[in-house]
2 protein chains.
Amino acid sequence: MDRHRKPTLDTVASAVGVSRATVSNAYNRPDQLSAALRERILETAASLGYAGPDPVARSLATRHSATVGVMLDRPLSSDPAVSIVLDGLASTVDGHDHGLVLMPGGVDGGPRPETVARAQADVVVAYSLPDHAPALDVVRARGLPLVVIDQPVLPDTARVEVDDVGGARLAATHLRDLGHTRFGVLAFGLHRDGATGPVPTDRLPDAAFRVTRDRLTGYLDVIGEAPVWECAGSRRDLGRAGARELLSRTPRPTALLCASDELAFGALQAARDLGLRVPTDVSVVGFDDVPEAGHAEPPLTTVRQPLAEKGRRAGELALRLLTGARPGEPARLPVSLVDRHSAGVLT
Amino acid sequence: MDRHRKPTLDTVASAVGVSRATVSNAYNRPDQLSAALRERILETAASLGYAGPDPVARSLATRHSATVGVMLDRPLSSDPAVSIVLDGLASTVDGHDHGLVLMPGGVDGGPRPETVARAQADVVVAYSLPDHAPALDVVRARGLPLVVIDQPVLPDTARVEVDDVGGARLAATHLRDLGHTRFGVLAFGLHRDGATGPVPTDRLPDAAFRVTRDRLTGYLDVIGEAPVWECAGSRRDLGRAGARELLSRTPRPTALLCASDELAFGALQAARDLGLRVPTDVSVVGFDDVPEAGHAEPPLTTVRQPLAEKGRRAGELALRLLTGARPGEPARLPVSLVDRHSAGVLT
DNA sequence: TTGTACGCGTTATCAT
DNA sequence: ATGATAACGCGTACAA
């Protein structure tokens with residue numbers, strides 16, 4: 001028997017004794033046929049085990065897959081900030097009946113080119129990829145519309161961005177106003193090499209990640225020269241190790257600027273490790289304002305960016321691009337300083 | 001001009017002066033034609049802006065989309081444990097040239113049925129869905145192979161599971177052996193209603209989530225009756241609130257059993273809120289052993305389950321199902337107690 | 001290497 | 001109003 005061959009529109013059509021087009025209409029354009037017929041069609045479909053039009057065939061016919069792709073610069077694990085952005089994106093596109101294909105990054109800052117080449121998506125959003133990620137070229141080559149988050153201007157590309165330089169300045173200025181003069185900076189990776197450790201100042205300007213560059217620029221604009229420690233990822237343990245290093249130097253920094261809350265949580269632990277009190281002995285400022293920031297010990301002073309909104313906006317832009325709209329102006333999201341208790345006056 | 005119509009295999013074929021089949025072979029079966037011809041084909045393809053065979057059309061022809069779907073019971077945001085599992089899954093299928101479509105859950109414990117209906121996937125893995133999630137029915141109806149994680153036995157379904165009952169017993173036994181007799185339990189949601197609060201004991205057995213049921217069973221098997229507080233999600237803030245409640249009762253529990261590390265972190269904060277020391281005044285045990293557990297204050301005693309491995313196994317099973325293999329035996333993953341410093345002898 | 005028959009729908013256009 | 005016909009959409013795979 002061909003019980004093993006799944007039923008198709010034709011199967012149902014001939015069972016009911018109507019044409020394939022009519023069955024298709026029963027699913028997609030109820031107004032094109034009588035309610036009674038539609039009912040009969042749906043019933044026989046159910047009895048035949050037909051679950052509705054095949055998504056792939058439909059995609060071929062309509063020439064769109066109703067799916068948006070997301071490229072990440074890293075694996076999914078570590079930073080909750082990423083999950084929040086992703087969730088905003090996912091729920092937005094889902095609300096418009098679009099699917100989401102996930103392309104997490106490998107070690108070198110982005111998904112594999114092959115992954116992107118075979119992804120079934122009508123549009124893709126890139127989240128914080130390094131400037132010349134191969135994955136981006138593939139998107140181009142395929143002629144897929146692109147929206148980027150936290151990345152530099154690219155021709156013909158929609159963009160959502162936050163003012164990272166400004167946010168970083170906010171953090172640095174806050175500390176300076178509290179009287180601090182000796183700083184340490186915990187930064188993200190500058191390049192795709194996964195390096196961790198102290199950063200020679202002259203290597204800063206050519207960092208591959210825009211976010212890294214901008215936050216660093218913002219910090220250093222305000223505080224001038226300062227030791228910078230590079231963390232390969234936005235991970236608590238890396239932040240802890242880096243902060244421990246920075247806080248062990250002589251003279252010891254009195255304030256730490258951290259490129260993410262996750263890094264800052266690590267710094268908080270490092271301070272405890274060393275028997276330093278926050279903010280009495282050392283001040284710590286983060287970036288992101290993830291939910292946990294308010295519950296840390298002590299509650300973290302940080303730069304807030306609207307994470308869920310970032311994902312939503314990216315989703316909306318992607319959807320708009322699908323309608324044929326031009327990229328248009330980038331969506332700019334606000335940052336603000338959230339003054340909690342991990343930064344205090346220098347005593 | 002039809003500069004706006006993307007080139008296809010045919011475009012390239014006629015430009016080179018060969019048949020469409022040959023161009024197809026140039027991409028998929030390099031051995032079927034001379035290297036020189038292949039080279040010429042690829043070159044003209046590039047010059048025409050042809051980026052390779054269209055994934056959708058290929059899927060229709062081959063009858064598989066080379067994609068696995070993942071259904072989650074909740075949004076992506078909160079618990080890092082989920083991200084870790086997901087990442088294991090994603091990298092496994094990516095390594096086998098398969099894509100991943102993400103279907104996060106809404107409020108009622110699982111993705112929308114429509115989302116599942118139009119997902120382009122050859123197989124789907126369900127992660128901790130409630131027992132009768134509508135999404136599962138759709139998967140069935142579509143005749144897609146299914147692998148479940150942390151869910152009850154379903155006919156004709158591959159499964160990866162950990163011994164949640166055993167793990168919970170480990171935790172409870174540990175505390176009992178330390179001399180504790182008054183317990184409090186912080187559980188996941190029992191039903192899809194998003195309820196948070198104290199749980200009447202008689203409502204326990206029919207919980208919709210297997211994980212919730214099993215961990216609770218394991219705890220209560222060992223400790224007997226105890227107050228249970230239900231948290232709608234595995235979130236730190238919910239754990240904190242619940243723990244604060246439990247720890248305010250008279251007589252106060254001396255030990256808290258938490259269904260996840262995330263909940264346990266909240267409990268740690270609650271203890272601090274109330275001026276209680278851990279483990280001197282109250283012991284806390286988690287479940288999962290996420291990376292942060294070892295860095296908490298104090299380092300968290302918890303039940304370890306291999307999260308990344310869970311995702312990998314699910315990916316492997318999904319891939320196997322695609323080859324036509326029968327579901328076979330479930331993959332059973334080990335749990336173990338990680339004895340750190342948040343649980344101590346009753347003084 | 002090439003013809004060519006699929007794969008499974010969608011959407012005009014046409015007929016009743 | 002309702003329903004049917006047939007021309008795509010873009011590849012793959014097998015026989016010739």
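Two strands are taken to pair if DSSP finds at least two bridges between them. In this predicted model, β7(B) and strand β8 (residues 228-230) of chain B meet that condition, pairing in the antiparallel sense over 2 bridges, and the bridge partner of B:Gly197 in β8(B) is B:Glu230. Helix α10 (residues 236-247) of chain B packs on the sheet, where it touches β6 (183-187), β8 and β9 of chain B, and its direction makes about 160 degrees with that of β6(B).

The sheet of chain B is open and comprises 7 strands in the order β7-β8-β6-β9-β10-β11-β13, with mixed pairing. Its edge strands are β7 (197-198) and β13 (336-338) of chain B, each of which pairs on one side only. Helix α8 (residues 164-177) of chain B lies across β9 (255-258), β10 (283-288), β11 (301-304) and β13 of chain B, and runs at about 165 degrees to β10(B).

In chain A, an open sheet of 7 strands likewise has mixed pairing, with the order β7-β8-β6-β9-β10-β11-β13. Here β7 (197-198) and β13 (336-338) of chain A stand at the edges, and because each has a single partner strand, one side of each is left without a neighbour in the sheet. Strand β6 (residues 183-187) of chain A pairs with strand β9 (residues 255-258) of chain A in the parallel sense over 4 bridges, and A:Val185 has A:Leu257 as its bridge partner in β9(A). Helix α8 (residues 164-177) of chain A packs on the sheet and touches β9, β10 (283-288), β11 (301-304) and β13 of chain A, its direction making about 165 degrees with that of β10(A). Helix α10 (residues 236-247) of chain A lies across β6, β8 (228-230) and β9 of chain A, running at about 160 degrees to β6(A).

Chain A as a whole contains 12 helices and 13 strands. Its C-alpha trace spans about 85 × 40 × 40 Å along the principal axes, and its radius of gyration is 26 Å, whereas a compact globule of 347 residues would have a value near 20 Å. Of the 347 residues of chain A, 54% count as buried. Among the contacts in chain A between residues at least 6 apart in sequence, 73% join residues at least 24 apart.

The contact between the two chains takes 44 residues from chain B and 43 residues from chain A. On the side of chain B that touches chain A, two or more residues are given by each of α4, α5 (80-95), β2 (99-103), α6 (113-118), α7 (134-142) and α10 of chain B, and the largest share, 8 residues, comes from α5(B). By class, this side of chain B has 20 nonpolar, 13 polar and 11 charged residues.

Both protein chains also contribute to the surroundings of the DNA. Around DNA strand D there are 26 residues, of which A:Ser19, A:Ala21, A:Leu33, B:Ser24 and B:Ala61 come nearest. At least two residues of the surface near DNA strand D are supplied by each of α2 (20-28) and α4 (55-62) of chain A and α2 (20-28) and α4 (55-62) of chain B, the largest share, 5 residues, coming from α4(B). This surface near DNA strand D has 13 nonpolar, 7 polar and 6 charged residues. Around DNA strand C there are 28 residues, and A:Ala21, A:Ser24, A:Ala61, B:Thr22 and B:Leu33 come nearest. The surface near DNA strand C receives at least two residues from each of α2 and α4 of chain A and α2 and α4 of chain B, and its residues divide into 13 nonpolar, 9 polar and 6 charged.

Definitions and conventions:
Residues are numbered from 1 along each chain as its sequence is written. Chains are lettered from A and ligands numbered from 1 in the order in which they are written. This is a predicted model: local features need pLDDT of at least 70, side-chain atom pairs count only at pLDDT 80 or more; totals for chains, interfaces and linings use all residues. A residue is near a molecule or strand if its C-beta atom, placed from the backbone, lies within 6 Å of it. Ala, Val, Leu, Ile, Met, Phe, Trp, Tyr, Cys and Pro count as nonpolar, Asp, Glu, Lys and Arg as charged, and the others, Gly among them, as polar. The radius of gyration is taken over C-alpha atoms; the globule rule is 2.2 Å times the number of residues to the power 0.38. A residue is buried if 20 or more other C-beta atoms lie within 10 Å of its own, exposed if 12 or fewer, and partly exposed in between; C-beta atoms are placed from the backbone. Two residues are in contact if their C-beta atoms, placed from the backbone, lie within 7 Å. Axes are lines fitted to C-alpha atoms, for helices over the stretch in contact, and angles run from 0 to 180 degrees between N-to-C directions.
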